[in-house]
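I opened this notebook to keep track of what I looked up, one topic at a time.

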Amino acid sequence: MKTSCAVMGYLRLGVSTPALRVADVAFNTGEILKVIDGLHEQGAQLAVFPELCLTGYTCGDLFYQDLLLERAAEALPRIAAHAAERNLAVVVGLPLRQGGFLFNCAAFLAEGRILGLVPKTYLPNTNEFYEERWFASAREALAKEVRVGEHQVPFGTDLLFRWKRHPDCLVGVEICEDLWSVQPPSCAQALAGATVLVNPSASPEILGKQDYRRALVQSQSARCLAAYAYASAGSGESSTDLVYAGHSLIAENGQVLAESERFCFESRWAVSDVDLLRLRQERLRNNAFSAQLPPGTWRVVEFDSGDPPLGVLLREVAARPFVPSGERERSARCREIFALQTTALATRLRHTGSRQVVIGISGGLDSTLALLVTAAAFDKLGMDRQGILALTLPGFGTTARTRGNAEKLAEILGVSLRVISIDAAVRGHFKDIGHDGETHDITFENAQARERTQILMNVANAVRGLVIGTGDLSELALGWCTYNADHMSMYGVNAGVPKTLVRHLVEWCAQSEFSGAAADILHDICATPVSPELLPPDAEGAIRQKTEEHLGPYLLHDFFLFQAVRMQFPPRRILFLAEQVFAEQFRRAELLEWLKTFYRRFFSQQFKRSCLPDGPKIGTLALSPRGDWRMPSDASAALWLAELEALEAENHIGPD
């Protein structure tokens, strides 16, 4: 089913550096019209052009020439009409007279009209800049309107522009140096509700300025919890003393979404879809943002622009939102996470005075990571690793591969190792409760998990140590743990690490922290299928019970977890995003089915998360009942499942 930008909560935003000739308004207007055509072909709904782009920023004393000013003002209706024919709203820069002053302005054009003019507040007047020679600050404006041709147009820095098709799209405008000031106008605009901040600029290029400019735009978009569109003047400006490179970019909440090529004489632009729904959700979650009141009063002007069908998003959607895609960034992230886990556990050991811990190791990813963290924590505290008592607790489903890896790793790491089979104890328990021991039901599985936890807890009492939990964030989200079994520990070091990241952490440990034979074992553990090993192996002794065949791919569930809990998106949006990134791996019907599984389990298993043991928060998403996530255990998933069922009906998707 086709959808549109507004329906999905996006705005397709473009920034451009058009080709330019200084003081040639006709040429500059023509290039702006050509760029509008190009942006229209890409489905843009709002386009931002540079500061003084109708005349050129470097006109100098030519700004005193009436002819130049008149031609610039006369170009606005033509641009507005052309943009309206292509369903775009545009922001262009020009010099404009009002009340005996000349102002450096940004014109907001939509629906074939000039909807507003915003003057520049902060005028640079040091070193290479002389703006106060020609222009007055917005503070000197004498009226709230200015006459352009036959029309009175709203004028001032108190203007905001609202997109009629989406109430969350409110646009604020500041100009170049405004952003570089101590208190940028965009801060007040954001507090007044602006989610899209645009900046027509003419920032010249010197060594290192590109990185500084990018950081400034990124940080302002993060501080304001907004999208920020920065369009800068290009190489057509005068090079008498300066070089202009046309560095235009779009950022959203601290992330650069798109960036134009620099040092080009031809017109260049960049386009991205900014996420209005995400920005709304981020602001709702941020009480420091909502606690601030916007200064002054604001005039809101409504505008319309096109809302084309939304096919492929013009922004990156990470298939693994918890895992950085670049190897260098991923390695740095793993190092930071490992340090967080290690320090957290070391702090708990120092506080309790514990010099011994007990940890159950299975040869799987989670228990391996927990063991590595524990070893590093002991090293950090200068404690003997022999104080780590690693227990392998083989049962009915334990395979030779996983048990062998667990025992070898414990030996190489120099921790204490004990092997305690649970077979006899569990069979005795089956007899006590009247279970035949042959029916492979939930009781058959959970009895093993609870017996293991009982042993771990009692051994910890005997050695006066702590039980280290091994369960990860993804398992907690899905409730893929046995209540009062692996669900419990005295400190859960993996509680903040999602499953898709656990594997990378273990691989990183093999490459960076543990070498030789230990690394070989870690690589093999990473290649082992995820399984609780609670059902007997197959005839060849291999793992028969594979978690993802029953539960669904952790790749999808971690994606759903991030979008549903961290971003607070509804099912329709999550399915749309999943189709953007997983279309070649999963059919739509499969995505819907696993998304329903996620919601059913996430809601029904909250009672397990309501009594979690302590564990360190790692990223921006955590499920601790004492921290980030508070949800009643009796909450119904009906609302969310109904939306998914409606999506199935819309597309006539039936069971496979």
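The entries below are my notes on a predicted model.

**Entry 1: helix α3**

I began with helix α3, which covers residues 66-85. I checked its length against the rule of 1.5 Å a residue: its 20 residues should span 28 Å, and the end C-alpha atoms are 30 Å apart, so the two values agree.

Next I asked which residues of α3 are buried. I found Leu68, Leu69, Ala72, Ala73, Ala75, Leu76, Ile79, Ala80, His82 and Ala83. I reminded myself that an α-helix has 3.6 residues a turn, so residues three or four places apart point the same way.

I then looked for what covers these buried residues, and the cover includes helix α2 (25-41) and the strands β4 (89-98), β5 (101-110), β6 (113-119) and β7 (145-148). Just after α3, I noted that Asn87 has a positive phi of about 60°.

**Entry 2: α9 against α15**

I looked up how helix α9 (residues 327-352) packs on helix α15 (residues 499-512). Their axes are 10 Å apart and the angle is about 95°. Angles of 65 to 115 degrees count as roughly perpendicular, so α9 is roughly perpendicular to α15.

I listed the residues that meet. From α9 they are Arg330, Ser331, Cys334, Arg335, Ile337, Phe338 and Gln341. From α15 they are Leu501, His504, Leu505, Trp508, Cys509 and Ser512. Sorted by class, this contact has 7 nonpolar, 4 polar and 2 charged residues.

**Entry 3: cysteines**

How many disulfides does the structure hold? I found 0. A disulfide is a covalent bond between the sulfur atoms of two cysteines, and I used a cut-off of 2.5 Å between the sulfurs.

I checked Cys264, whose closest cysteine sulfur is in Cys53, 17 Å away, and therefore too far for a bond. Cys264 has a relative accessible area of 11%, so I noted it as buried.

I also checked Cys526, which is in no disulfide. The nearest cysteine sulfur belongs to Cys509 and is 9.1 Å away. Cys526 is buried too, with a relative accessible area of 6%.

**Entry 4: Phe598**

I located Phe598 in helix α20 (residues 588-604). Is Phe598 buried or exposed? Its relative accessibility is 1%, so I counted Phe598 as buried.

Setting aside its neighbours within four places in sequence, I found Phe598 in contact with Leu478, His557, Phe560, Leu561 and Ala564. I also looked up Ile618, 20 residues from Phe598 along the chain, and the two C-alpha atoms are separated by 22 Å.

Conventions
Residues are numbered from 1 along each chain as its sequence is written. This is a predicted model: local features need pLDDT of at least 70, side-chain atom pairs count only at pLDDT 80 or more; totals for chains, interfaces and linings use all residues. Side-chain values use heavy atoms; hydrogens and water are left out. Axes are lines fitted to C-alpha atoms, for helices over the stretch in contact, and angles run from 0 to 180 degrees between N-to-C directions. Helices (H or I, at least four residues) and strands (E, at least two) are DSSP runs, numbered from the N terminus. Angles under 35 degrees count as roughly parallel, over 145 as roughly antiparallel, 65 to 115 as roughly perpendicular and the rest as oblique. Contact means heavy atoms within 4.5 Å. Ala, Val, Leu, Ile, Met, Phe, Trp, Tyr, Cys and Pro count as nonpolar, Asp, Glu, Lys and Arg as charged, and the others, Gly among them, as polar. Buried means under 20% relative accessible area, exposed over 50%, partly exposed in between (1.4 Å probe, protein chains only). The expected span of a helix is 1.5 Å times one less than its number of residues.
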